[in-house]
Amino acid sequence: MSYLCLGPISAGKTLLLTCLQNPDSVNFTSHSVPSVGTNLFTIKIPPVVIDEKDINVKPPPPPRKRDLVQVREVGGCLAPIWRDYLNRPVDKVIYVVDTSNLCQISAAGVLLYSMLAEPRLQKAKFLLVLSKMDLAYRQMRNEALLMLQMEKFRKQIAQDITIVQFSAINKEGIDEIYEWLAT
């Protein structure tokens, strides 16, 4: 499978992928610089841990299809030429939006819509990651989705879009992202 991670400059793509690669390496002192070019991340999907008290209450999770994935991150400065990375078929796209940057949310919607309209991505699954959800001045989930015009997109596009709130600091959403990557 081919995975691609895109989003505007400073959306949090590198921090997200670093956190997925090694959750313990990211804390409140962590930072990254905007990527120039591309990075390739190999992510090991951790095994599902079932709490003993949940065994009789919840059905077991579905089996995972893969334990190891490689994700190509395209730096935000290269976002305008993202089509150049579609030479090989892309099965899954991770699209990261910084919820603390009001100006970026609207611009990110334009790029997202152009990706959803791309014929070569019609069969791709999309993960929309609302990043930096731990910041006090971020937009709430519903406000960010409204600014991105997600209701309008869902009526006009065929792709499956999963939406996850994410914080690299407190690891909110990390399990949902692992699950999306593994299936």
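This is a predicted model: local features need pLDDT of at least 70, side-chain atom pairs count only at pLDDT 80 or more; totals for chains, interfaces and linings use all residues.
Trainee: Is Ser10 buried, partly exposed or exposed?
Mentor: Ser10 sits in the loop between S1 and H1. Buried would need under 20% relative accessible area and exposed over 50%. The relative accessibility of Ser10 is 41%, so Ser10 counts as partly exposed.

Trainee: Which residues is Ser10 in contact with, leaving aside its neighbours within four places in sequence?
Mentor: Ser10 lines the largest pocket, and Lys132 is also among the residues nearest the pocket centre. Lys132 is in contact with Ser10 as well. With neighbours within four places set aside, the contacts of Ser10 are Pro34, Asp98, Gln104 and Lys132.

Trainee: How many Å apart in space are Ser10 and Asn101, C-alpha to C-alpha?
Mentor: In sequence, 91 residues separate Ser10 and Asn101. In space, their C-alpha to C-alpha distance is 9.5 Å.

Trainee: What do the buried residues of H1 pack against?
Mentor: The buried residues of H1 are Lys13, Thr14, Leu16, Leu17, Cys19 and Leu20. In an α-helix, residues three or four places apart point the same way, because there are 3.6 residues a turn. The buried residues of H1 pack against S1, S2, S3, S4, S5 and helix H5 (174–182).

Trainee: In what order do the strands of the sheet stand?
Mentor: The chain has five helices and six strands, and from the N terminus its elements run β-α-β-β-β-α-β-α-α-β-α. The sheet is open, has six strands and shows mixed pairing. Its strand order is S2-S3-S1-S4-S5-S6.

Trainee: Which are the edge strands of this sheet?
Mentor: An edge strand here pairs on one side only. Neighbouring strands of the sheet are turned by 25° against each other on average, direction ignored. The edge strands are strand S2 (38–44) and strand S6 (161–165).

Trainee: Which residue in S3 is the bridge partner of Cys5?
Mentor: S1 and strand S3 (residues 68–74) run parallel, with three bridges joining them. The bridge partner of Cys5 in S3 is Glu73.

Trainee: Which residue in S6 is the bridge partner of Val129?
Mentor: Strand S5 (residues 125–131) pairs with S6 over five bridges, in the parallel sense. The partner of Val129 in S6 is Val164.

Trainee: What angle does the direction of helix H2 make with that of S4?
Mentor: Helix H2 (residues 102–117) packs on the sheet and touches strand S1 (3–6), strand S4 (92–98), S5 and S6. The angle between the directions of H2 and S4 is about 165°.

Trainee: What percentage of the residues of the chain count as buried?
Mentor: The chain exposes about 10100 Å², of which carbon and sulfur atoms supply 55%. Among contacts with a separation of 6 or more, 77% come from residues 24 or more positions apart. Of the 183 residues of the chain, the buried share is 44%.

How values were computed: Residues are numbered from 1 along each chain as its sequence is written. Side-chain values use heavy atoms; hydrogens and water are left out. Two strands pair if DSSP finds at least two bridges between them. Helices (H or I, at least four residues) and strands (E, at least two) are DSSP runs, numbered from the N terminus. Axes are lines fitted to C-alpha atoms, for helices over the stretch in contact, and angles run from 0 to 180 degrees between N-to-C directions. Contact means heavy atoms within 4.5 Å. Buried means under 20% relative accessible area, exposed over 50%, partly exposed in between (1.4 Å probe, protein chains only). Accessible areas come from the Shrake-Rupley method with a 1.4 Å probe; for residues, only the protein chains shown count as cover. On a 1 Å grid over the protein atoms alone, a cavity is a set of points where a 1.4 Å probe fits but cannot get out, and a pocket is an open set with protein on both sides within 12 Å along at least five of seven lines; lining residues have an atom within 4 Å of a point.
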